[in-house]
Amino acid sequence: MTTTAPHPSAGAQPRLSGLESRDVSAWFGSHKVLERVSLTMAAGEVTALIGPSGCGKSTFLRILNRMHEMVRSAQLAGEVLLDGEDIYEHGRRPAEVRRRIGMVFQRPNPFPAMSIADNVASGLKLAGIKVSKDYREHLIEDSLRQAGLWNEVSSRLGTPGGSLSGGQQQRLCIARSLAVEPDILLMDEPCSALDPTSTRRVEETIAELRGRLTIVIVTHNMQQAQRVSQSCAFFLATHDTPGRIVEAGPTEQLFTDPADQRTADYVNGRFG
Ligand SMILES: Nc1ncnc2c1ncn2[C@@H]1O[C@H](COP(=O)(O)OP(=O)(O)OP(=O)(O)O)[C@@H](O)[C@H]1O
């Protein structure tokens with residue numbers, strides 16, 4: 001990280017990208033787990049993916065940034081369009097796709113012995129992005145501010161990431177993802193390992209990020225889906241049918257006036 005090349009997007013106007021899946025089906029070996037999932041995830045919005053355990057939400061999320069193919073037995077059909085271009089197009093590099101479409105996982109996974117600052121910058125290193133020392137400092141501060149963590153850590157950037165609380169570690173992971181300036185942020189149950197206070201703090205961070213980038217979040221928490229998302233997709237699988245979208249649309253509508261009885265039953269806690 002010693003070169004002086006500017007970051008590729010340094011000085012660029014922020015732009016928002018949308019994501020769209022078209023007829024996405026997925027398999028693990030011969031087990032089909034998703035059937036023709038088509039969903040538009042609007043630029044600058046938060047889209048929540050909800051549904052009972054095992055209906056394919058995480059698999060779908062992992063398809064959105066080419067992580068599904070990291071599983072040996074995994075197969076896929078359909079298209080995923082980032083600003084209209086298929087991320088699975090022949091010749092497109094998965095690493096570049098994953099730089100533009102970041103992922104935050106269920107359990108905070110910072111490098112525990114690495115300093116807070118280096119944890120944030122590690123996203124750059126992993127993505128092979130070289131920036132000047134000054135721009136690195138700027139990105140570290142900017143990413144921590146966007147993740148809502150700056151005020152809590154600015155005086156101790158050199159201390160290990162592992163010294164932070166669970167909620168702070170998750171916001172550190174969000175900062176690490178933001179440092180590479182992604183267009184899309186995928187979040188797979190980002191609060192399920194956190195206490196209510198930390199959960200609320202991460203939700204505030206999501207609310208602050210809304211409008212600056214496009215977010216897709218998997219959550220089992222119906223209140224959380226209502227608090228953080230503008231759009232929502234309800235997935236359902238049965239023992240002999242793969243996961244499909246039963247209904248998708250504005251979150252408010254899904255929760256107050258769903259078109260399908262199964263959606264009404266699920267969001268009102270009658271199953272799942
Ligand atoms: N690596 C894998 N190998 C084989 N099968 C898998 C793998 N990952 C997931 N599956 C199967 O794919 C289906 C969908 O799983 P997935 O984790 O996507 O569902 P989910 O809706 O995210 O569930 P949860 O809410 O419990 O996380 C399940 O039947 C699961 O057993």
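Predicted model: local features only at pLDDT ≥ 70, side-chain atom pairs only at ≥ 80, totals over all residues.
Visitor: Why is proline 182 counted as buried?

Guide: A residue is called buried if 20 or more other C-beta atoms lie within 10 Å of its own, and proline 182 has 21 such neighbours inside 10 Å, so proline 182 counts as buried. Proline 182 sits in the loop between α6 (166-178) and β7 (184-188).

Visitor: Which residues does proline 182 touch, leaving aside those up to four places away in sequence?

Guide: Two residues are in contact if their C-beta atoms lie within 7 Å, and by that rule proline 182 touches Arg99, Arg100, Ile101, Gly102, Ser177 and Leu213.

Visitor: What makes up the shell of residues around the ligand?

Guide: The shell divides into 4 nonpolar, 6 polar and 1 charged residues. Lysine counts as charged and glycine as polar, and the residues around the ligand include Lys57, Gly51, Gly54 and Gly56. Helix α1 (residues 57-63) supplies the largest share of this shell, with 3 residues.

Visitor: Which residues touch the most other members of the largest nonpolar core?

Guide: Of its 70 residues, those are Leu49, Leu64, Ala175, Leu186, Ile215, Val216 and Phe234. Strand β9 (residues 231-238) gives the most to this core, with 6 residues. Setting aside residues up to four places away in sequence, isoleucine 215 touches Val46, Leu185, Met187, Ile206, Leu209 and Arg210.

Methods
Residues numbered from 1 in each chain as written. Near = placed C-beta within 6 Å. Helix = DSSP H or I, 4+ residues; strand = E, 2+ residues; numbered from the N terminus. Core = buried A, V, L, I, M, F, W, Y, C linked by C-beta atoms within 7 Å. Buried ≥ 20, exposed ≤ 12 C-beta atoms within 10 Å, placed from the backbone.
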